[in-house]
Amino acid sequence: MMSISIKSNSIVIPSEPTPSGLLQLSESDQVAQWTHAPAIHIYKSNNNIPFSFEKMKNALSRALVHFYPLAGRLRWIEGGRLELDCNVMGVQISEAYADVKLDELGDFAPTGVVEDLVPKIDYTTPIEEWPLFLAQLTRFSCGGICVGTAVSHTMADGLSATNFINSWAKLARGCDLEDNEIPFLDRTVLRSSKPLMKLRFDHITYTTKSPLMIGSLDAKEEQKKETSVTLLKLTREQVEGLRNRANNETPYQENGVSTIRPYSRYEAISGHMWRCACKVRRVADHDNQPTRVRILVDIRNRLNPPLPQQYFGNAICATVTSTCLYGDLLSKPLGYSAGKLREAIETVTDEYIMSNLDFIASQKHVGGLRNSFHIRGLGTEAPFLGNPNLSLGSWMNLPVYDTDFGWGEPTYVGPGLLNMDGKSFILPSPLNDGSLIIAFRLQTQHMDSFKKFFYEDLAI
């Protein structure tokens, strides 16, 4: 058993004066979870470069000059919405020690042990008291280090959070930030139109309920079932094999028109995962069981004009596939499931995004639009997205292995928590050879069968 002792907790504020007052949040921010996204960065021992907690604190203080909204606090306003008070209450950083070696933690799958490496937030306290960024620096008996972080979902999407942590790391190395690394903080560029325009799309992500298991009136029984988490590893050859199979088999067609560009790695891998999940989540009327997948799409380059690449906030749009049947997904080739994912992704155009922002703004209360999540003791705020559905995220294009605090590149970067059945992230590999890692949570009763089919079906 690993024992972690917290040596110190500190509040860090910007090293220079920063703007104060209220900062407007975008509609995209409003539908993000109000919890934090936990992640871990693992570093093997580097005896040539000693660890300095004070150096890390000072670099974080400098980073907050540019990313000063993170030093503020959220507060609730009418309609289940949030606003940001840039009141310089600061972020939290902790120094900890673990009495084990890094190697004893295995592959760093986000289980209970790994969850202890990320900061804890007491969500029973008022939201005005929560730091929007927390870090826990844990040193191991072997000299290795884990930088566990928790970034407010309301404040940042995956790329924004990664850019902030990489800026902190660069400052810790003694470097200055370049002009193209300074965050773009004006969130009004993702506000709805004034006055609101007539909705141009049916935003089924929010207007339709996720499919339930046949014979069920709600998802309560599925939510009660035990779940497990695993890391699945794919070699570059296996990834390319899936892509080739999706592209060489009969592609998905819409109104007789085949897809134009080759399927991406994400589409092929996610299509494969979807089919494997259907195979193991067997029900009495198996072929007619409905299912769909939830996807988050980066909209920075889908807007016209595009957002600045250093936009700091939630520049993502949640979308879902159309509802499919197990029988169709399993009887048709991989190109069918990959095509259904492609279809959902390609609906996210500039016009769709602006309509989506207007839809969110038109709602009297946005609580029911937020991503589903579960906090022990507090229950679930939004509809359950697990069995028979999936939520398939991707970190593949995030520069997570650029996070060098002066100890060299991390040897592993991944989520510190996966909190729901059917949720996964496709991660880049530290090997930088085209291989990938998939962090995945599934009901325990299905996990062994899923892994068996996942790898056996790669060879088809």
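Buried here means under 20% relative accessible area, exposed means over 50%, and partly exposed lies in between, using a 1.4 Å probe and protein chains only. The model shown is predicted, so local features need pLDDT of at least 70 and side-chain atom pairs count only at pLDDT 80 or more, while totals for chains, interfaces and linings use all residues. Residues are numbered from 1 along each chain as its sequence is written, and side-chain values use heavy atoms, with hydrogens and water left out.

**View 1. Lys170 and Glu181 form a salt bridge.** A salt bridge is a side-chain nitrogen of Lys or Arg within 4 Å of a carboxyl oxygen of Asp or Glu. In this pair, the closest N and O atoms are 2.9 Å apart. Lys170 belongs to helix 4, whereas Glu181 sits in the loop between helix 4 and helix 5, 11 residues apart. Helices (H or I, at least four residues) and strands (E, at least two) are DSSP runs, numbered from the N terminus. Lys170 is buried, with a relative accessible area of 14%, and Glu181 is partly exposed at 23%.

**View 2. Domain 1 meets domain 2.** The domain assignment, which is automatic or from a database, gives domain 1 as residues 4–190 and domain 2 as residues 219–457. Their C-alpha centres lie 25 Å apart. Counting contact as heavy atoms within 4.5 Å, 69 residues of domain 1 and 55 residues of domain 2 take part. Together the domains bury about 5400 Å², with 62% of it on carbon and sulfur atoms. Buried area is the accessible area (1.4 Å probe) that two parts lose on being put together, summed over both. Look for Tyr43, Pro110 and Leu190: they supply 13% of the area that domain 1 buries against domain 2, more than any other three residues.

**View 3. Asp157 and Arg300 pair through their side chains.** Their salt bridge has an N to O distance of 3.0 Å. Asp157 is in the loop between strand 8 and helix 4, and Arg300 is in the loop between strand 13 (293–298) and strand 14, 143 residues apart. Asp157 is buried, with a relative accessible area of 6%, and Arg300 is buried as well, at 1%. Across the interface of domain 1 and domain 2 the rule finds one salt bridge.

**View 4. Asp421 and Arg281 are both buried.** Their side chains meet in a salt bridge of 3.4 Å, N to O. Asp421 lies in the loop between strand 19 (412–415) and strand 20 (423–428), and Arg281 lies in the loop between helix 8 (265–280) and strand 12 (290–291), 140 residues apart.

**View 5. Four residues join in a network of salt bridges.** The members are Arg261, Glu267, Arg342 and Glu346. A search of the whole structure finds 22 salt bridges.

**View 6. Helix 11 spans residues 350–362.** Its 13 residues reach 19 Å from first C-alpha to last, close to the 18 Å expected at 1.5 Å a residue; that expected span is 1.5 Å times one less than the number of residues. Among its buried residues are Tyr352, Ile353, Leu357 and Phe359. What covers the buried residues of helix 11 includes helix 1 (27–30), strand 5 (81–86), helix 5 (204–207) and strand 14 (316–320).
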